[in-house]
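Biologist: Could you take me through this model with its labels, and set each label against the rule behind it?

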Amino acid sequence: MTLKILTPTQSRTVSDAAAVFLPGSAGAFEVLRDHAPLISTLSEGKVSWRSASGVEESFAVKSGAVMVRDNEITVCAEV
């Protein structure tokens with residue numbers, strides 16, 4: 001999966017995300033390959049992901065939104 005992270009100060013693309021964990025406003029959730037399309041708001045918390053090779057990374061967000069479609073996850077966040 002491809003994870004695109006957009007913040008007011010930077011952008012980053014992760015091309016080999018195997019799992020993405022998000023702090024949704026209605027509760028935390030995980031996105032895996034072939035997830036159904038969705039749009040959600042994000043609460044304050046940590047966005048984290050695991051690469052196909054098992055490396056884990058994360059960053060903190062204050063708020064934002066996420067869109068999932070066709071194995072592409074786009075996070076727009078205030079950090």
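Biologist: Which side chains meet Arg69 or Asp70 in a salt bridge, and what is the N to O value?

Modeller: In this predicted model, the side chains of Arg69 and Asp70 meet each other, with 3.8 Å from N to O. The rule asks for a nitrogen of Lys or Arg within 4 Å of a carboxyl oxygen of Asp or Glu, so the pair is called a salt bridge.

Biologist: Why is Arg69 called exposed?

Modeller: Arg69 has 53% relative accessibility, and exposed means over 50%, so the label applies to Arg69. Asp70, with a relative accessible area of 65%, is exposed by that rule as well.

Biologist: What makes Lys4 and Glu72 a salt bridge?

Modeller: Their closest N and O atoms are 3.7 Å apart, and the cut-off is within 4 Å, so the pair qualifies.

Biologist: How do you know whether Thr74 is buried or exposed?

Modeller: Thr74, which lies in strand 9, has a relative accessible area of 16%; buried means under 20%, so Thr74 is buried. Among the residues that Thr74 touches are Lys4, Leu6 and Val66.

Technical notes: Residues are numbered from 1 along each chain as its sequence is written. This is a predicted model: local features need pLDDT of at least 70, side-chain atom pairs count only at pLDDT 80 or more; totals for chains, interfaces and linings use all residues. Side-chain values use heavy atoms; hydrogens and water are left out. Helices (H or I, at least four residues) and strands (E, at least two) are DSSP runs, numbered from the N terminus. Buried means under 20% relative accessible area, exposed over 50%, partly exposed in between (1.4 Å probe, protein chains only). Contact means heavy atoms within 4.5 Å. Lists of a residue's contacts leave out its neighbours within four places in sequence.
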